Amino acid sequence: MSMNNQGRPSSAGEAFPASIATISGDRGLDHEEALIFELGHGACGVDLPDVKISDTRLGGVRRKGAIGLPGLSEPEVIRHYVRLSRKNYAIDSGLYPLGSCTMKHNPRLNEKMARLPGFGDLHPLAPQSTTQGALELISQLMTWLTGLTGMPAVAMSPKAGAHGELCGLLAIRAAIAARGEDRKRILVPESAHGTNPATAAFAGFTVDEVPAKPNGHVDAGALKAKLGPDVAAIMLTNPNTCGLFEGEIIEIAEAVHAAGGYFYCDGANFNAIAGKVRPGDLGIDAMHINLHKTFSTPHGGGGPGAGPVVLSARLAAYAPIPLLVADGKGLKLIEDLAAAPNGAKPFGRMCAFHGQMGMFTRALTYMLSHGRDGVRQASEDAVLSANYILASLKDVMSAPFGDGPCMHEALFDDSFLEGTGVTTLDFAKAMIDEGYHPMTMYFPLVVHGAMLIEPTESESKHSLDRFIHVLHTLATEARAKKTVRFAGAPHLAPRRRLDETAAARKPVLRWKPDPLKEAAE
Amino acid sequence: MSDVRYTDQHEWIRLEGDEATVGITKFAAESLGDVVFVELPASGKTVKAGGEAAVVESVKAASDIYAPVGGTVTAVNAALEKEPSKVNEDPEGAGWFFKMKLSDKSELSKLMDAAAYAKFVESL
Amino acid sequence: MRYLPLTPDDRRAMLAKIGAADVDALFRDVPKSAMAPLSKFDLPDTQGEMEVERALSKLAAKNVAAGAAPFFCGAGAYKHHVPSAVDHLIQRSEFLTSYTPYQPEIAQGTLQYLFEFQTQVALLTGMEVANASLYDGSTATAEAVLMAQRITKRGKAILSGGLHPHYAETVETVASLFGPMTRSPVTPGSAEDIIALIDEETACVVVQSPDVFGLIRNLRPIAEAAHAKGALLIAVVTEVVSLGLLEPPGAQGADIVAAEGQSIGNGLNFGGPYVGLFAAREKFLRQMPGRLCGETVDAQGRRGYVLTLSTREQHIRREKATSNICTNSGLCTLAFTIHLSLLGEEGLTRLARINHAKACALADRLKELPGIELVTPAFFNEFTIRLPKPAAPVVEALAAKGVIAGVPASRLLPRDKSAENLLILAVTETAMDDDFAALTNALQGALA
């Protein structure tokens with residue numbers, strides 16, 4: 001027999017006492033990382049020649065001082081950002097149940113297609129004869145968006161959901177002005193996303209809140225009572241932010257139209273019904289579609305998004321420039337307000353160029369991959385998974401509207417935590433120690449201590465069962481007043497709870513060189 | 001002792017001579033949590049009873065402070081701009097918001113006294 | 001379907017747990033008349049990865065990529081070389097597939113790069129504070145005008161004639177709801193008399209430098225005149241590499257800077273997604289739109305970062321928010337930050353000088369051609385020439401010969417007769433001598 005003559009130890013060793021600090025400050029794979037400004041040392045991560053120039057063509061405003069940027073080589077920059085990346089939770093590494101945010105799988109084919117040089121390296125103002133493929137792609141995406149929604153038109157340029165809301169309201173504003181009317185009020189349910197009232201104010205309207213009924217639906221009676229000749233529109237999210245489908249939506253739309261108003265639908269939750277229900281059949285006049293939610297363009301830590309707006313026949317004429325039209329030679333962008341084709345009365349322009357092309361490519365790739373049948377199946381699976389969670393947790397957590405089915409997200413409130421000393425925040429933070437991103441907390445505002453769980457269609461049953469097991473156990477322990485997991489959680493993340501009060505009282509929003517150190521140098 | 005009155009929006013108002021001092025109650029300060037920012041009205045601003053006069057912010061909420069009665073703002077507690085924590089530490093003392101000259105002192109009689117406000121808070 | 005993990009057996013088991021007969025039972029709140037069968041959707045069915053890739057590649061092949069031809073387009077979007085490390089890093093799952101960092105304990109990666117981004121933008125623009133990005137330069141400019149209207153409590157905005165026309169239209173579309181918008185008349189390549197337009201009702205003056213024709217403007221006298229009337233100066237930058245060579249707007253008296261950050265780290269992408277840079281004086285902090293990341297400590301006293309001053313934002317302040325923006329340009333800010341970290345002080349200043357030197361070389365070459373006049377006396381990497389005939393057909397003719405010659409001014413100013421013969425050309429580090437020769441020859445041919 002051969003002996004262990006290298007002296008390699010065969011046991012796992014003693015546990016490292018948590019109380020001992022490491023010498024480096026790092027802990028295994030969890031590295032502490034300084035700011036890039038603290039790491040610079042006069043190196044450079046690119047090789048560029050040192051070209052001398054004269055000042056004669058700089059208009060007398062050549063830069064005098066240094067900028068103050070740090071200098072690092074390529075390996076240092078890569079290590080810095082790789083280390084930072086490892087401090088982030090991501091869909092690729094775990095279930096991300098943020099209600100209302102739709103954290104679904106982001107297929108990598110979408111990334112690859114957006115990087116084809118014909119799309120990724122295409123200039124927005126290149127001669128249109130050299131961009132026909134891009135225009136065709138936009139046109140195909142428009143066909144998908146109008147086809148899935150049953151709406152006749154779509155404005156493509158809005159850059160995210162809130163920008164789409166603004167686009168929709170400006171179209172409504174223009175349509176009202178064209179009728180020679182002045183309507184200033186917009187009705188918004190109290191369960192709405194914060195962007196809705198913010199957008200209404202941004203577009204120069206006043207906001208009138210409509211209460212929710214105890215069953216989580218908008219109070220259609222109260223809404224109808226508020227209609228009048230000064231109401232420009234209602235903004236309704238459907239399915240709503242409680243994860244419920246507004247069953248009275250058709251009657252609401254009819255009442256709004258009868259009162260001379262328009263129906264704006266916040267399409268943030270379109271992913272529950274895409275391929276199952278066409279918003280155009282519900283009487284909607286305008287709805288933005290978050291391509292970064294429903295059609296899986298990545299969230300990227302907060303963007304970029306894209307928010308095309310589908311429009312009814314009553315609003316289609318007011319879509320902003322640029323407009324995409326077909327002429328004898330191919331597709332053409334109309335970029336001038338005065339050059340709008342017959343009948344079109346664009347209200348203006350939402351942004352430079354033509355919208356989030358990089359997101360269009362990703363979204364169309366996703367749609368073509370899924371097909372109409374796959375889009376429908378994805379909606380069904382998202383709704384099924386949310387209901388599975390609701391059914392599996394409502395015995396220990398409190399579901400305020402849990403009597404019936406939900407759509408793509410399951411809503412709980414904090415009444416099951418009453419008297420335990422554990423808050424919604426504690427409960428959510430304890431999930432971090434269990435390896436999960438918390439659900440959306442304290443939204444919607446219409447229930448106390450809200451916890452909104454959206455699993456999406458991207459989770460396997462095994463993954464859902466494991467998640468349910470963890471939440472079920474947490475809830476059971478909390479109710480039994482076993483609070484050790486909750487107090488001060490998380491304990492195992494790269495950081496403990498952060499002092500947000502200090503951050504807001506004395507804001508430090510940028511790095512500044514240490515004046516003492518500077519002087520010493 | 002000067003007379004303090006309370007609103008159902010949790011402001012207090014203390015009349016001293018012609019001038020009154022306004023702030024938020026201990027109950028309000030506690031339920032807001034750590035105050036991080038206070039936006040004060042401009043001195044000389046006229047306000048109506050129930051009109052927006054100031055804003056108080058915690059990390060996750062912003063609340064309007066309403067004028068308990070109508071009048072003109074005569075002074076503001078500028079110390080709160082640097083040290084908003086005073087609102088939490090001493091809401092009914094050093095954490096006052098602004099002083100105002102009342103346009104109609106009789107409006108004060110519509111507000112709650114300390115006993116009525118305590119009862120009101122209990123009912124919430 | 002390859003992206004959907006649930007099997008038919010899983011679905012049946014889950015329905016049984018829920019107690020629903022079929023999945024449509026879960027859609028029972030939807031009015032029956034609104035339930036659409038699959039046949040109502042006139043769209044194709046699912047396809048494999050290979051088929052989809054083929055279809056998209058076919059479309060891409062119909063376009064002429066900037067790297068596939070001698071290429072001189074700018075006017076708000078610029079072709080620069082982006083180091084390979086940038087695209088590799090932004091595609092890491094932990095960056096690409098994370099959400100807005102609302103849970104700071106498990107989002108320090110995103111938060112720290114946002115803090116670095118804010119610092120970089122403040123340094124570049126010479127301003128005190130910067131936010132964590134807006135959608136792009138044009139919408140950032142519109143937000144700047146709205147912010148100036150709030151700060152000054154005045155409505156009127158004066159837009160320089162040298163402001164990119166798309167930016168001007170974007171501003172007019174939203175800010176005209178709150179006050180009159182005046183566009184200053186401009187002669188391309190010349191200073192404009194914008195100071196004369198400033199009065200006591202003016203909230204802000206919006207000036208782009210280098211302007212849409214490439215002309216470098218001195219902002220100082222405009223800032224002084226604006227401040228004398230209680231108005232703010234909003235400086236707009238569409239080519240942010242220029243800040244490696246030119247005095248920052250902050251040093252020239254700007255109160256707010258709105259810029260397009262695409263040039264650093266981000267591809268052309270046919271116009272988006274890009275990244276809006278937004279910086280201001282610290283005293284205007286509370287009026288700023290968009291997200292802000294701030295430094296703090298955790299429960300153990302370790303440095304960390306959080307989103308802060310959120311009470312300005314829509315999810316808390318609702319109709320009283322400073323802006324309705326929610327999703328911003330997250331991943332594009334990361335690309336910007338990584339690219340700028342690779343460049344550093346030395347790299348950015350060298351890159352800027354190379355751009356300027358190349359643009360000067362091409363301008364000198366073109367102005368020697370018969371009938372061509374150089375319109376912009378001072379410029380960074382973009383200049384305007386006047387052709388002896390309308391520029392748009394010349395650009396089309398050159399495109400047919402495989403040369404992308406630039407942006408005809410008429411594409412941006414279609415109703416301005418005086419712009420008809422103007423051609424705006426951008427020259428970056430990516431343009432080579434061969435490209436100059438191809439352009440010069442083709443132009444000579446088209447003008448002969």
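Biologist: Quick one to start: which residue stands opposite A:A326 in β9(A)?

Modeller: That's A:L331. Bear in mind this is a predicted model, where local features need pLDDT of at least 70, side-chain atom pairs count only at pLDDT 80 or more, and totals for chains, interfaces and linings use all residues. Residues are numbered from 1 along each chain as its sequence is written, and chains are lettered from A and ligands numbered from 1 in the order in which they are written.

Biologist: Fine. How many bridges join β8 and β9 of chain A?

Modeller: Five, between β8 (residues 323-327) and β9 (residues 330-334), and the two run antiparallel. They form a hairpin with two residues between them. Strands pair here if DSSP finds at least two bridges between them. Strands (E, at least two residues) and helices (H or I, at least four) are DSSP runs, numbered from the N terminus.

Biologist: What's the secondary structure of chain A as a whole?

Modeller: It comes to 14 helices and 12 strands. The C-alpha trace spans about 90 × 75 × 55 Å along its principal axes.

Biologist: And how much of chain A is buried?

Modeller: 56% of its 521 residues. Buried means 20 or more other C-beta atoms within 10 Å of the residue's own, exposed means 12 or fewer, and partly exposed is in between, with C-beta atoms placed from the backbone.

Biologist: I've got my eye on A:A489. Where is that?

Modeller: In the loop between α12 (461-479) and α13 (500-505) of chain A.

Biologist: Buried or exposed, and why?

Modeller: A:A489 counts as buried because it has 24 C-beta neighbours inside 10 Å.

Biologist: Which residues is A:A489 in contact with, leaving aside its neighbours within four places in sequence?

Modeller: A:D426, A:K429, A:A430, A:I432 and A:D433. Contact means C-beta atoms, placed from the backbone, within 7 Å. A:D433 is 56 residues away from A:A489 in sequence, yet 7.3 Å away C-alpha to C-alpha.

Biologist: Switching to chain C. What order do the strands of the open sheet take?

Modeller: The order is β1-β7-β6-β5-β4-β2-β3, seven strands with mixed pairing. β1 (129-130) and β3 (181-183) stand at the edges with a single partner strand each, so one side of each has no neighbour in the sheet.

Biologist: In what sense do β2 and β4 of chain C pair?

Modeller: Parallel, over four bridges, with β2 covering residues 156-159 and β4 residues 202-208. C:A157 stands opposite C:C204 in β4(C).

Biologist: How many residues of chain C are in contact with chain A?

Modeller: 167, and they meet 174 residues of chain A. Helix α10 (residues 330-367) of chain C gives the most to that side, with 21 residues. The side of chain C that touches chain A divides into 87 nonpolar, 48 polar and 32 charged residues. For those classes, Ala, Val, Leu, Ile, Met, Phe, Trp, Tyr, Cys and Pro count as nonpolar, Asp, Glu, Lys and Arg as charged, and the others, Gly among them, as polar.

Biologist: Tell me about α10(C). Where does it bend?

Modeller: At C:G344, by about 95 degrees, taking the bend as the angle between axes fitted to the seven residues ending there and the seven starting there.

Methods:
Two residues are in contact if their C-beta atoms, placed from the backbone, lie within 7 Å.
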